[in-house]
Amino acid sequence: MLLKITNLHASIKGKEILKGIDLEVNKGEIHAIMGPNGTGKSTLASVIAGKDEFEVTEGEILYNAKNLMTLSVEERAREGIFLGFQYPVEIPGVSMTNFMRTAVNEIRKYRGLDPLSAGEFLKMMEEKKKLVEITSNLTNRSVNEGFSGGEKKRNEIFQMAMLEPTLAILDETDSGLDIDALRVVANGVNKLRTPENAFVVITHYQRLLEYIIPDFVHVLFEGRIVKSGGKELALELEEKGYDWIKQQH
Amino acid sequence: MGSDSNNFISEYTSGEYKYGFHTEIDTEFAPIGLTEETIRYISARKNEPEFMLGYRLKAYRHWLTLKMPTWAHLEIPPIDFQDIIYYAAPKRKPELSSLDEVDPELLETFNKLGISLDEQKKLAGVAVDAVVDSVSVKTTFSETLSKYGIIFCSFSEAVQKHPDLVKQYMGSVVPYTDNFFAALNSAVFSDGSFCYIPKDVRCPIELSTYFRINAANTGQFERTLIVADEGAYVSYMEGCTAPQRDENQLHAAVVEIVALKDAEVKYSTVQNWYPGDKEGRGGIFNFVTKRGICKGSNAKISWTQVETGSAITWKYPSCILLGDNSVGEFYSVAVTNNHQQADTGSKMLHVGRNTRSTIISKGISAGKSNNSYRGLVRISKNAVNSRNYSQCDSLLLGDKCGAHTFPYIQTENKSSIVEHEATTSKISEDQLFYCQQRGIDTENAVGLIVNGYAKEVLKKLPMEFAVEAQKLLSISLEGSVG
Ligand SMILES: Nc1ncnc2c1ncn2[C@@H]1O[C@H](COP(=O)(O)OP(=O)(O)O)[C@@H](O)[C@H]1O
Ligand SMILES: [Mg+2]
C-alpha cells in the first residue's frame with residue numbers, strides 16, 4: 001500500500017478542519033476527491049505534504065509504510081510526494097529553469113544520484129515539455145510570475161512531469177481551465193500514469209473525470225469522507241448536486 | 001545558481017564565515033596610535049615625494065578638527081583612534097618582478113580565498129591587484145595592459161612612477177575636507193589601486209583589486225583612483241575579506257573615479273568583510289567614501305555593489321554628473337544578518353544638462369540586523385531636462401530586523417523629473433512551502449528567493465563576480481529562516 005491515512009484529525013488556529021479521515025491508495029490507482037468548497041480538500045492535501053500551519057491532532061499517515069509525521073516537507077517531496085497547488089505562488093526573479101534544476105538535483109541527491117549536468121537537464125526539460133504539450137516558453141520566465149490561471153496550472157503539470165512523483169496530489173488543477181487546457185492536464189496525468197505511481201485528483205466538478213478515469217471517487221464533506229465508490233459516484237454527484245450530500249448529513 | 005549553489009551551501013552548512021582564517025606572515029607595523037609621527041613614518045616607509053607628505057599632514061590637521069558623524073541610522077560603539085595600528089605590511093623584498101618573490105604563505109592565503117595570483121592559471125581576462133593589510137603585494141597582467149597604455153598598479157607604485165597623474169586627480173573628487181573618514185584616510189592611507197585608461201582605449205580585460213585584512217589591531221585605509229580619459233572604457237571589480245576576530249577592525253577607504261568626455265567606468269564591489277559572530281562580537285567597521293565624477297559630456301559611471309559583510313557599513317557610492325548628457329547609476333544589494341548594521345545608498349548630483357541617473361537598491365535584512373537606504377538626488381538649477389529614477393526595495397526575513405528608507409530629493413528646476421518608488425516585503429510562508437514541496441530545503445529556498453529578488457542588481461555584475469555574489473547571498477543568510 002502506498003498511502004494509508006487512518007482517523008486523521010487536523011486543525012488550524014485551534015479550529016478542527018479534518019475530523020477523522022480514512023483513505024487508502026495503492027500504486028497504480030487514481031482516486032478522485034470531490035466535495036463542496038470549504039470542506040477540507042486543500043487542507044487534506046496540505047497535511048499530506050506537511051504544511052506546518054496545520055496541526056495533526058489525531059490519527060496517522062503512512063506512506064510506503066513510513067510515518068509521514070516524522071518527515072519534513074522537503075523530505076516528503078524527495079520521497080516522491082508531489083502536490084499540484086490550487087493556487088501556485090509567484091517567485092519573482094527565479095527562473096523556472098533554475099527552480100526546476102535545483103529541485104531535480106536536490107531530489108537526486110537524496111536518492112544518492114549525481115546531479116544532472118546543464119545539458120542533461122535541458123534535454124530532460126525539453127522532453128517533459130513535449131510530453132505535457134507545453135509549447136510556450138514558460139521555462140524562461142520566473143516561477144509563475146505573470147502567468148495566467150491556465151498557465152499556472154499547466155506549469156504544475158509540467159513540474160509533476162519533471163519530478164516523476166510516486167504519489168501526485170492535484171488540487172483543483174482543473175478549476176478555471178478551458179477545455180483545451182483541461183485536456184492538457186488530463187493527458188499529462190494519463191501519460192505519466194504507471195503501475196508504480198498513484199494520483200489523488202481533487203476536483204470540484206465531474207468534468208475532469210471524463211478525461212481522467214478514476215478507480216475510486218470519495219466525497220469529502222465537513223472534514224470527513226462521507227461516501228466512497230467507483231467512477232459512477234462522480235456522475236451521481238453531478239446529477240444530484242452537493243445538496244444531496246448535505247441533506248444526508 | 002542552482003545546483004552549484006546547492007553544493008556550495010552543503011559544503012558550508014555550518015554557516016560560518018568562510019574566510020575567517022588568519023595567516024602567519026612576517027609583518028612590520030607602525031607604532032600604535034595616530035600622530036604626525038605616524039604619518040611621517042608611513043610616508044617614509046613608502047618613500048613618498050614631498051607633495052604626498054604635505055597632503056597627508058594637511059588632511060591630518062583637518063581631521064583633528066572633525067568629529068565622527070552621527071547622522072547615520074547606526075549604533076557605532078566609541079572608536080579609540082589611538083588604539084589602532086595604521087600601517088602593517090607583509091615583510092618582503094621591496095620590488096616584486098615575479099611571483100616567486102611573493103611570500104609563499106601569502107600566495108597560500110590567496111589560494112584559500114579562491115584568488116589565483118598566478119597569471120598562467122588565472123581566469124582569462126581578469127587582472128588582479130592584491131592588497132593585504134596596508135600593502136599591495138602583487139599586480140597581475142600589468143605588462144599586458146601596458147601595451148594599451150593602460151596603467152594598472154598599486155597606488156604606491158603610481159605615486160612613484162606617475163606622480164603627475166596622482167597629483168592631478170587625487171582628492172579632486174573626494175577632497176580630504178569631505179568628511180571625517182575621508183580626512184582620516186587622506187592622512188594615513190597605505191595602499192590601494194591606481195588605474196588610468198588612455199584616450200579612446202577600451203580596457204580589454206576586467207580589472208580587479210582584492211583587499212584582505214590579515215594583521216590584528218590594524219585598520220585598513222586603502223585608496224583607489226580610477227581615471228578614464230576621453231572615450232575610454234573600463235570595468236573594475238573589488239572584493240574583500242578579513243579574518244575572524246573578536247575585536248572590531250576599522251576599514252576606511254576612499255575611492256575616486258574620474259570619467260572624462262565620452263568615457264565609461266563600471267565599478268563593481270562584492271564586500272564580504274568579516275561581519276562579526278552571531279552575538280555581534282567583532283567584525284569590520286566599513287566606513288567608505290566612494291565617489292565618481294562625470295567630468296565631460298556623455299560620460300557614464302556605474303556603481304554595482306553587493307554588500308554582505310562588515311559589522312557596520314557606512315557607504316554611499318555617488319556620482320557628480322557635471323558633463324551634459326552624463327549618466328550615473330547605482331545598483332545595490334545590501335544584506336544584513338544577525339547584528340549587522342548597514343546605512344548605505346547613493347548620491348546623484350545633477351549639474352549638467354540632460355543628465356540621467358538610476359538608483360536600484362535592494363535591502364535584505366534578517367536576524368536582529370538593521371538595514372537602511374539613504375539616498376540623495378539633487379538636481380541643480382542648470383541641470384535642465386534631467387531625470388532620476390530611484391527604486392528602493394526592502395525584504396525582511398523574520399520580525400526582529402529593521403529596514404528603513406531615507407530618500408532626500410532636491411530639485412531646483414522644473415524641466416527635470418525625479419521618480420522614487422519604495423516597497424517592503426517579506427518572504428512568504430507560501431513561497432517557502434512551494435519550494436520545499438518541490439524538494440528544496442529552507443536554506444536553499446531562501447537562497448533562491450533572495451537571489452531572485454536581487455536579480456536586477458546581480459545581472460549588472462561581471463560574470464566572474466555574479467556567481468560568487470549569488471553564493472555569498474545564500475550563505476550570508478543561512479540560518480535566518482525556519
Ligand atoms: N490558513 C487558514 N487559516 C484559517 N482557516 C483556514 C486556513 N486554510 C483553510 N482554512 C479553513 O479550513 C476550511 C477548509 O478549507 P479548504 O481545505 O481550503 O477547503 P476546500 O479545499 O475543500 O475548499 C475552510 O473553512 C477554511 O476557511
Ligand atoms: Mg481547495
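In this predicted model, ligand 1 is surrounded by 13 residues, and the closest of them are A:Ile17, A:Gly38, A:Lys41, A:Ser42 and A:Thr43. By class, this shell comprises 3 nonpolar, 6 polar and 4 charged residues. Strand E2 (15–25) and helix H1 (41–49) of chain A each contribute at least two residues to the shell; H1(A) gives the most, with 3 residues.

| Residue | Atom of the residue | Distance to an oxygen atom of ligand 1 |
|---|---|---|
| A:Lys15 | polar side-chain atom | 3.3 Å |
| A:Gly40 | backbone N or O atom | 3.0 Å |
| A:Lys41 | polar backbone atom | 2.8 Å |

On its own, ligand 1 has 560 Å² of accessible area, of which the protein covers 67%.

Strand E8 (residues 223–228) of chain B is largely enclosed by the rest of the structure, because 6 of its 6 residues are buried, that is, each has under 20% relative accessible area. In a regular strand, side chains alternate between the two faces of the sheet. Both faces of E8(B) are covered: B:Arg223, B:Leu225 and B:Val227 are buried on one side, and B:Thr224, B:Ile226 and B:Ala228 are buried on the other.

E8(B) also pairs with other strands. Strand E6 (residues 193–197) of chain B runs parallel to E8(B) and is joined to it by 4 bridges; here B:Phe194 stands opposite B:Leu225. Strand E11 (residues 254–259) of chain B likewise pairs with E8(B) in the parallel sense, over 6 bridges, and B:Ala259 in E11(B) stands opposite B:Ala228.

Conventions
Residues numbered from 1 in each chain as written. Chains lettered and ligands numbered in written order. Predicted model: local features only at pLDDT ≥ 70, side-chain atom pairs only at ≥ 80, totals over all residues. Heavy atoms only, no water. Buried < 20%, exposed > 50% of the residue type's maximum accessible area, 1.4 Å probe, protein only. Pairing = 2+ DSSP bridges. Near = heavy atom within 4 Å. Polar contact = N/O pair within 3.5 Å; in protein donor to acceptor, adjacent residues only side chain to side chain. Areas by Shrake-Rupley, 256 points an atom, 1.4 Å probe, with all protein chains shown as cover. Nonpolar A, V, L, I, M, F, W, Y, C, P; charged D, E, K, R; others polar.
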